[in-house]
Amino acid sequence: MQKGWESYIAGKMIGKNPSESSVIKIGNSKSLYFPYFESFLLDNHCFGLASRSATRKLIDEIERIKPDVIQLHTIHCYYLNLKLLFEYFATIKAPIVWTLHDCWSFTGHCAYFDAVGCDRWKTHCLNCPQLKLYPKSLGLIDNSWNNFDLKKKLFTSLGDRLHIITVSQWLLNLAKKSFFNGLSTDVIYNGVNTNIYKPNPSNSIRSTLGLDNKKILLGVASSWSERKGLNDYLALSKILSDDKRIILIGLKKKQIKNLPPNIIGIEKTENVYQLTQLYSIASVVLNLSIEETFGLTTVEGMACGTPGIVYDKTASPELITPETGYIVKAHDIQSLKESIESIIEKGKSYYSQKCIDRVQTFFNAEKQCSKYINLYNSINNRII
């Protein structure tokens, strides 16, 4: 918009937060019920009949706006009928940029498959081992074969008008092994606003949590599960010395009740200022997830001057260097403990500026945004 373009953003939650863009809300809470249950029963996520009305209304808005570029992000959220949408895309001239944030677009069902070691997506999905995981289905009907066929047909039908962007090199390598091979692809890392995510230490929040003179090991997630490493944090807590405490942000109340004494659980916070304080007072930001297509919390912590430790799985190793933290073997709790102790022994000051510099170089939001602007220029022949 600063370059003179108009911006329209469409989604089911649009309007919840203020935006300078023109917003288009897709459906409402009630309109999600039928698509969800249809997907749950029939395993036809985003390809059923129930979401057609909301999708037609979105198409009417696109027709009215006549956009120069259409940018897609995560579109498999029940409220869209992607068959209807991509058949419409095939009739217009606007280029489509699709940023992939997981693997759903080229599988017959799942968003991640690394944990179960499945590679059927490379040829043709069938007998999906993860029907009961997101997008969750009842598990009585396995429609992964048909879903795979339909995705391949629809998502490759736009030819060179579709530009695939991934948020990590790891995800790009997977996309190139899928039916997206041959399409225009590139990596643009996620970015963080370094005007917000920056060192913001607070002794008061440390005192409030009763953590004076304690070394803080921080983990952050929007939801916690085995995939995010919750069991490994619990295992780590059993072998930590008393001068260390784990803080986990994003837990549910029931999960918090079951934590051991040396883990402090905090529910999801929308207070970014408080989050930067917690990142800043931590000695280490841990990301023990085994399936990450990027790993934003690691980068947010680094932007606040805090080194990170990640597992050697999926995209996480792309974020860390020896100057900014450690990469350890997944589920190796003893090596994890030793890496934590090594960081504490060297001292946070050894890492802080290197962490900030790495974020400024590779993950700064303004720089990442400029890459999208350059892409839009190159595919649209319009100077922004």
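Me: In this predicted model, a residue is called buried when its relative accessible area is under 20%. Why does Tyr376 count as buried?

Reply: Tyr376 has 17% relative accessibility, and the limit for buried is under 20%, so Tyr376 counts as buried.

Me: What makes Tyr372 buried or exposed?

Reply: Its relative accessible area is 15%. That value is under 20%, so Tyr372 is buried.

Me: Where do Tyr372 and Tyr376 lie?

Reply: Both belong to helix α13 (residues 365-380), and they are four residues apart, about one turn of the helix.

Me: Why is the pair of Tyr372 and Tyr376 called tilted?

Reply: The ring centres are 6.2 Å apart, and rings pair within 6.5 Å. The planes stand at 45°; stacked needs under 30 degrees and edge-to-face over 60, so this pair is tilted.

Me: How many aromatic pairs does the structure hold?

Reply: There are 26 aromatic pairs. One of them joins Tyr78 and Tyr134, with ring centres 6.4 Å apart and planes at 90°. Since edge-to-face means over 60 degrees, the pair is edge-to-face.

Me: Which parts of the chain does the pair of Tyr78 and Tyr134 link?

Reply: Tyr78 is in the loop between β3 (70-72) and α3 (82-89), whereas Tyr134 is in the loop between β4 (96-100) and α4 (144-155). The two are 56 residues apart, so the pair links distant parts of the chain.

Me: Why does Tyr134 count as partly exposed?

Reply: Tyr134 has 38% relative accessibility, which falls between the 20% and 50% limits, so Tyr134 counts as partly exposed. Tyr78, at 13%, is buried.

How values were computed:
Residues are numbered from 1 along each chain as its sequence is written. This is a predicted model: local features need pLDDT of at least 70, side-chain atom pairs count only at pLDDT 80 or more; totals for chains, interfaces and linings use all residues. Side-chain values use heavy atoms; hydrogens and water are left out. Rings of Phe, Tyr and Trp (its six-membered ring) pair if their centres lie within 6.5 Å; planes under 30 degrees apart count as stacked, over 60 as edge-to-face and the rest as tilted. Buried means under 20% relative accessible area, exposed over 50%, partly exposed in between (1.4 Å probe, protein chains only).
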